[in-house]
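Colleague: I would like to learn how to read a few features of a model like this one. Could we take them one at a time?

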Amino acid sequence: MNKKITPYLFGISAAVVTIGVAGVFSAILLPAGEHKSELPVPTSPQQAKAMANALLQSKCADCHGATPAYNGWRNLFSLGQVKRDIEGAQRAFTLEPDGSIRSANIDFLKMDHVLRTRSMPPVLYTMTHPGTDLTPADIDLLRYHYDAKDALRRAFAPIRPANMSSTDHAAYLWGLPEPTTRPDDATMQKAWGKVYLGHRLFHDPRLSTTNEVSCSSCHDLTKGGTDNLPKSEGVPGADGKPQLGGVNAPTVYNAEHNIRQFWDGRAANLQEQAGGPPLNPVEMGYAKPEDWKDIARKLADDPEYRVLFPLVYGEKGITADTITDAIAAFERTLVTPDSAFDRYLMGDDSAMTPQQIKGMQAFMTHGCATCHAGPTLGGQSFEYVNTHGKLRAHAKGYTEGAYGLMDFTKKEQHKDMFRVPNLRNIALTAPYFHTGTVDKLEDAVRIMFETQTRTAPTTTLVADVTAFLQAQTGEYKRIPLDKLTPKDVEPEFVIENMPRRTEEPAKAE
Ligand code: HEC
Ligand code: HEC
Ligand code: HEC
C-alpha cells in the first residue's frame, strides 16, 4: 500500500468505525441492493481501507497526489488546463495530509463536501480519462455513511459538552475543581490561584515598557475579546503616537481551540503566544529575552503576586515561563458557551430563528463549514484566502504585506494561507479579516461567498448566513458577551481564605 496516503485512510477508517460496529461494517458502507457495484463488498475495515486507497490512487492522485501527473505535452494540448487543475487541486486538498496545517476533521469535511456535491473529479477530466467518474459504489466506499443530522454533528460541536449542568459548567469546562466545595484543598487553591493570577496578569499594564498597555488593551473582554480597531494600538513610537500592529487583533475568547495561534500560526499554543506581545517592540515595547527580568522585578512589587507566584509555582518564582503559563491558564477559561447556536445543537429547536436555521443549512451546503468547522467554526486549518476568487480584489483596502503561513514557514507554497478565524461571537469582533478592512458582517459574508465558494451570493443568502452568524454570541460567566461590563470581567477571587489584593500579607517571601 502506498505509505503516503495511509494516514488519510486511517482517518477514514477511524470515522467509519466510530459510526458503525465493525461487525455491520460492510452493511453500512454498501447498503444492500442500492447500487449495482463492480467492487467486491469489503469484509473488514482493512480491506475497505485498501480499496479506498486504490480508488484514490486511480481517480484522484493525478491531481491531488504528492507527485501529481504533470505532462508537458498534455498541458500544451489542453491549453494549460492540466497545469491549472493540478495547481488548484494541490492548493485545495492533498491526499497526503499535513496535520500541522489542518486537522483530520477538516480533511474529512472537505472530502464529504465534494462527494455530496459530486464535484470531483472535474468533468473535463472524467471526459478525457474514461472510467474515472465516481460510481455510486465508489462514493459509498469513500464517504462515511450518514444523514443530515450526522453532518451537523461532524461539522460543529457545542462549545459545552451536552451532559453538563449550567451551574457547574465553568468548573467542567476549565477542568477545575468546584470553587465553593473544598476551600482548603491545596490542589484547588493552586488551580484557581493560577487562573486568578493569569487574569490579573492579562490586565496588568506592567507587562509593557510604558506601564500603560496590557493584554486587555487590545483584547478587551467586553469587546468580544478584541479592540474593534482595524489595527491595534501598542506603545508609543518616536512620534509619541501609539504604534500600529500589522494585522487585525483576533479574539482571545475560545482561542484555546485553535490548531496554532496567530494568523500565520507562528505560536504553537497559548503559552507560547503569550510570550510574544511583551517582547514585541510595537505592542508592549520590550525587545529581548533578558527584558523578562525587568518585568519580573516590576511584578514583584505587588504584594499579591508575592504570595500567589510561590503558592502556584513554588520555587520557580516570577519568570517568563510562569507568567505565560498563568496567562494561558486564564485564557483557557475564556470559553463562551450557551449561544443560541449551542442551545440549538443541544436539542432546543426553538433556540435559533427559522432564518438562522436556513442560514446554518446554507453555511453547510455551500461549503463554508469545510473550513469554518468544529466547536469554534474555524481555527482548525490554514487555508488560501483566494480559493475561487481574489480576496484582495474583493475586499477594498485589503493590502499586501501579510502573507499568512508563509511569513512563518518561509515556504512559497504557504503564501496567502491564513489560519481560519473562529466565528464564535463574530457579530462583536468587527472589523473583519486579518486586514481589519471590512466593517460589516454581511459584507464579510458576501466576500467569503465570492472568494471561497462556487456560489454567487444573493441578498437572501447573505442575510440568512449573517443571521446564523449572529446566533454565535455566547456567554462568559453566564452573562451574554454583548452585555458584559468592565466590572464583570475584573479578576475575581473564588477562594475565600486566599490572600486578597487589599491585604498586605504578613510575610511576603
Ligand atoms: C484534474 C484534476 C483533479 C482530479 C483528478 C481530482 N481533483 Fe479534486 N480538485 C481539483 C481542483 C482544481 C480543485 C480546487 C478547485 C475547486 O475546488 O474547484 C479540487 C478540489 C478538491 C477538494 C477540495 C474541495 C473543497 O471544497 O474544499 C477535494 C476534497 C477534492 N478535490 C477531492 C478529490 C477527489 C476525492 C478526487 C478523486 C475522486 C479528485 N478530487 C480528483 C482537481 C482535481
Ligand atoms: C498592541 C495590541 C496587542 C497587545 C498588547 C496584545 N495583543 Fe494579542 N494580538 C494582537 C494582534 C494584532 C494579534 C494578531 C497578530 C498576528 O496574528 O500576527 C494578536 C494575537 C493574539 C492571540 C492569537 C489569537 C488567534 O486567533 O490566533 C492571542 C491568544 C493573543 N493575542 C493574546 C494576547 C495576550 C495573552 C497578550 C498579553 C500578554 C496580548 N495578546 C497582547 C494585539 C495585541
Ligand atoms: C477555503 C476555506 C474557507 C471557506 C470555504 C470559507 N472561509 Fe471564511 N475565512 C477563511 C479564511 C482563511 C479567513 C481569513 C481571511 C483573512 O482574514 O484574510 C476567513 C474569514 C471569514 C470571516 C471573517 C472573520 C474575521 O474574524 O475576520 C467570516 C465572517 C467568514 N470567513 C465567513 C465565511 C462564510 C459565511 C463562508 C461561506 C460562504 C466562508 N467563510 C467560507 C476561510 C474560508
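Modeller: Start with a charge over a ring: the term applies if NZ of Lys or CZ of Arg is within 6 Å of the ring centre and within 35 degrees of the ring normal. Keep in mind that this is a predicted model.

Colleague: How far from the centre of the ring of F262 does the charged end of R266 sit?

Modeller: The distance is 3.7 Å, with the charged end of R266 over the ring of F262. R200 gives another case: its charged end sits over the ring of Y305, 4.6 Å from the centre.

Colleague: Now the metal sites. Which protein atoms are donors to the iron atom of ligand 1?

Modeller: They are NE2 of H64 and SD of M120, at 1.9 to 2.2 Å from the iron atom. H64 belongs to helix 4 (residues 61-64), whereas M120 is in the loop between helix 7 (104-117) and helix 8 (123-128), so the pair links distant parts of the chain, 56 residues apart.

Colleague: Why is the arrangement around the iron atom of ligand 1 called octahedral?

Modeller: The general idea first: ideal angles are 90 or 180 degrees for six octahedral donors. In this model the six donor atoms around the iron atom of ligand 1 subtend angles of 87 to 178°, and therefore the arrangement is octahedral.

Colleague: Are H64 and M120 buried or partly exposed?

Modeller: The cut-off for buried is under 20% relative accessible area. H64 counts as buried because its relative accessibility is 12%. M120, with a relative accessible area of 30%, is partly exposed.

Colleague: What coordinates the iron atom of ligand 3?

Modeller: H372 (NE2) and M448 (SD) do, at 2.1 to 2.3 Å. The site is octahedral, with angles of 86 to 180° among its six donor atoms. This pair, too, links distant parts of the chain: H372 is in the loop between helix 19 (354-365) and strand 3 (382-384), M448 is in helix 22 (residues 441-452), and 76 residues separate them. H372 is buried, at a relative accessible area of 10%, while M448 is partly exposed at 23%.

Colleague: How many residues does helix 22 have, and what does it reach from its first C-alpha to its last?

Modeller: Helix 22 has 12 residues and reaches 16 Å, close to the 16 Å expected at 1.5 Å a residue. As for which way residues point, an α-helix has 3.6 residues a turn, so residues three or four places apart point the same way. The buried residues of helix 22 are L441, A444, V445, I447, F449 and T451.

Colleague: How many aromatic pairs does the structure hold?

Modeller: There are 10 aromatic pairs. One of them joins F156 and F341: the ring centres are 5.3 Å apart and the planes are at 80°, so the pair is edge-to-face. F156 lies in the loop between helix 10 (148-155) and helix 11 (169-174), and F341 in helix 18 (residues 340-345), so the pair ties together parts 185 residues apart in sequence. F156 and F341 are both buried. Y253 and Y476 form an edge-to-face pair as well, 5.8 Å centre to centre with 65° between the planes.

Colleague: Which residues do ring pairs link into a cluster?

Modeller: The cluster consists of F156, F341, F363 and F468.

Colleague: Last, how many disulfides are there?

Modeller: A disulfide needs a pair of cysteine sulfur atoms within 2.5 Å. By this rule the count is zero.

Terms used. Residues numbered from 1 in each chain as written. Chains lettered and ligands numbered in written order. Predicted model: local features only at pLDDT ≥ 70, side-chain atom pairs only at ≥ 80, totals over all residues. Heavy atoms only, no water. Donors = N, O, S within 2.8 Å, 3.2 Å for Na, K, Ca; no water. Tetrahedral: all angles 85-135°; square planar, octahedral: opposite > 155°, others 65-115°. Helix = DSSP H or I, 4+ residues; strand = E, 2+ residues; numbered from the N terminus. Buried < 20%, exposed > 50% of the residue type's maximum accessible area, 1.4 Å probe, protein only. Phe/Tyr/Trp six-rings, centres within 6.5 Å; stacked < 30°, edge-to-face > 60°. Expected span 1.5 Å × (residues − 1).
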